[in-house]
Amino acid sequence: MKQIKKFAVALVLFVAATGFVNAQAKIAHIDVQKLLSEMPEMKAADAELKKLQETYRADIESSMTELRNKYTQYSNESASKSEEENQKRAAELQGFEKNIGEAQQTAQQELQKKQGELLGPITEKAKKAIEAVAAAQGIDYVMDATQGGGLIVAKGKDILPEVKKQLGF
């Protein structure tokens, strides 16, 4: 009976030890924002987005300057114009302001759309490279080490260099 107890205890310890060893997953971390910022494609996408943003900004500033000039002109001429003419001019200025606001909203929407078009494939490429490196190294979990990315401790292996190598830079 004692031997059965010893065997049962040994069996339980063996199963527990095996389970503990199997439960230990390989975990690594990577700063995804740093990876993305260093990718050549991201630098090109940022340049394209800045160029587009500058174009929209220049157009809107031009419209704002035109609005200010008309406002100044209409203010200076208001004393010599009839009340009806001044009301028409005020309505014209309000319409112009509305058009500028709509142009700003449209520009913002277009920038967001373009950002999605440009950054989607880049982030997908980075994700695939991370997955490839993790698979090659037998890593079960890769945590995002970006500030605020949900990682508390970053003492594990950082796979950023291997992912950059996988991407060819």
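A word on the ground rules. Residues are numbered from 1 along each chain as its sequence is written, and side-chain values use heavy atoms, with hydrogens and water left out. Since this is a predicted model, local features need pLDDT of at least 70 and side-chain atom pairs count only at pLDDT 80 or more, while totals for chains, interfaces and linings use all residues.

I will start with the whole chain. The protein chain has 5 helices and 3 strands; helices are DSSP runs of H or I with at least four residues, strands are runs of E with at least two, and both are numbered from the N terminus. In sequence order the pattern reads α-β-α-α-α-β-β-α. Of the 169 residues, 20% are buried. Buried here means under 20% relative accessible area, exposed means over 50%, and partly exposed lies in between, with a 1.4 Å probe and protein chains only. The chain exposes about 12,300 Å², and carbon and sulfur atoms supply 55% of that. Those areas come from the Shrake-Rupley method with a 1.4 Å probe; for residues, only the protein chains shown count as cover. As for contacts, meaning heavy atoms within 4.5 Å, take the ones between residues at least 6 apart in sequence: 84% of them join residues at least 24 apart.

Now the sheet. In what order do the 3 strands lie? The order is β2-β1-β3, in an open sheet with parallel pairing. Two strands count as paired if DSSP finds at least two bridges between them. The edge strands, β2 (141-144) and β3 (157-158), each pair on one side only. Strand β1, residues 27-30, is joined to β3 by 2 bridges and to β2 by 4 bridges. His29 has a bridge partner in each neighbour: Met143 in β2 and Asp158 in β3.

Next, helix α3, residues 40-77. Its 38 residues reach 56 Å from the first C-alpha to the last, close to the 56 Å expected at 1.5 Å a residue. The expected span is 1.5 Å times one less than the number of residues. Buried in α3 are Met42, Ala45, Leu49, Ile60, Leu67 and Tyr74, and their cover includes α2 and α4.

That brings us to α4, residues 83-136. At 1.5 Å a residue its 54 residues should span 80 Å, and the end C-alpha atoms are 79 Å apart, so the two agree. There is a bend of about 30° at Leu119, with a proline, Pro121, following within four residues. The bend is the angle between axes fitted to the seven residues ending at that position and the seven starting there. Just after the helix, Gly138 takes a positive phi of about 70°.

Leaving out residues up to four places away in sequence, Leu118 touches Ala45, Glu48 and Leu49. Leu118 and Glu48 are 70 residues apart in sequence and 9.0 Å apart C-alpha to C-alpha.

The other is Ala129, also in α4. Is Ala129 buried or exposed? Ala129 counts as buried, because its relative accessibility is 5%. Beyond its neighbours within four places in sequence, Ala129 contacts Val163, Gln166 and Leu167. Between Ala129 and Leu167 there are 38 residues of sequence separation and 6.6 Å from C-alpha to C-alpha.

Last, helix α5, residues 160-167, whose buried residues are Leu160, Val163 and Leu167. They lie on the same side of α5, because they cover an arc of only 65° around the axis; the arc is that of the directions from the helix axis to the C-beta atoms. These buried residues pack against β1, α2 (32-38), α4 and β3. On the face turned away from them are the exposed residues Pro161 and Lys165. After α5 comes Gly168, with a positive phi near 90°.
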